[in-house]
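Open the model in your viewer and keep the selection tool at hand. This tour goes stop by stop, telling you what to select and what is there.

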Amino acid sequence: NRRPGGVCERQESYTDGRSGTQKMKISRAIRDKSQTLERSRDRHGNEECIRNMDNIEEGEEEEFDRQWREAMCGGRMSLPSSRHPSSKQPPTGRTAQAALPAPPRSSSM
């Protein structure tokens, strides 16, 4: 569902029971510009983070994030950019662990 001005956010997450891989995807769009952050973790705890941008040039990420927050909040900033999920750098470390639960432990005996 898009808000007025062509603004939307979509969040998806799932766990593959066979492989134990957990995936999370957040997509944000304003009209013809969009940004997607995909994060995955395998059963061994190895993480991967991929950021894709459509119609956003390198260096325009902060401006897109600012415009998106303003459009979603009606001009009110609800989160400081340093805590916002799409701030300058993709989140790493503990932030990723909060977004995805710990992988299931396997018993060898």
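This is a predicted model: local features need pLDDT of at least 70, side-chain atom pairs count only at pLDDT 80 or more; totals for chains, interfaces and linings use all residues.

Show their side chains. E63 and R66 form a salt bridge, with the closest N and O atoms 2.4 Å apart.

Are these two residues buried or partly exposed? E63 counts as partly exposed, at 37% relative accessibility. R66 is partly exposed too, with a relative accessible area of 29%.

R66 and E70 are four residues apart in helix 1, so about one helical turn separates them. E70 counts as partly exposed, at 30% relative accessibility.

Now show E63, R66 and E70 together. Salt bridges link these residues in a network. Side chains of opposite charge can pair when their charged atoms come close.

How many salt bridges does a search of the whole structure find? The search finds five. Check the surroundings of each partner. R41 counts as buried, at 4% relative accessibility. E47 is partly exposed, with a relative accessible area of 38%.

Next, colour strand 3 (33-41) and strand 4 (47-54). The two strands pair in the antiparallel sense over eight bridges. Look for S34: this residue stands opposite D54 in strand 4. The hairpin of strand 3 and strand 4 has five residues between the strands. Select G45 there, which takes a positive phi near 90°.

Turn on a surface for the next stop. Rolling a probe the size of a water molecule over the atoms shows where empty space is left. The largest pocket holds about 180 Å³ of space.

Which residues line the largest pocket? Select E12, S13, Y14, K23, M24, K25, E38, R39, S40, E48 and I50. Colour this lining by residue class. Three of the residues are nonpolar, two are polar and six are charged.

Then colour the lining by strand. Strand 1 (7-15), strand 2 (22-30), strand 3 (33-41) and strand 4 (47-54) each supply at least two residues.

Finally, clear the selection and zoom out to the whole chain. The chain has two helices and four strands. Trace the elements from the N terminus: the order is β-β-β-β-α-α. Colour by accessibility. Of the 109 residues of the chain, 29% count as buried. One last view is of contacts along the sequence. Take the contacts with a separation of 6 or more: 41% of them join residues 24 or more positions apart.

Key. Residues are numbered from 1 along each chain as its sequence is written. Side-chain values use heavy atoms; hydrogens and water are left out. On a 1 Å grid over the protein atoms alone, a cavity is a set of points where a 1.4 Å probe fits but cannot get out, and a pocket is an open set with protein on both sides within 12 Å along at least five of seven lines; lining residues have an atom within 4 Å of a point. Grid points are joined across faces, edges and corners, and a volume is the space filled by probe spheres set on the points. Ala, Val, Leu, Ile, Met, Phe, Trp, Tyr, Cys and Pro count as nonpolar, Asp, Glu, Lys and Arg as charged, and the others, Gly among them, as polar. Two strands pair if DSSP finds at least two bridges between them. A salt bridge is a side-chain nitrogen of Lys or Arg within 4 Å of a carboxyl oxygen of Asp or Glu. Buried means under 20% relative accessible area, exposed over 50%, partly exposed in between (1.4 Å probe, protein chains only). Contact means heavy atoms within 4.5 Å.
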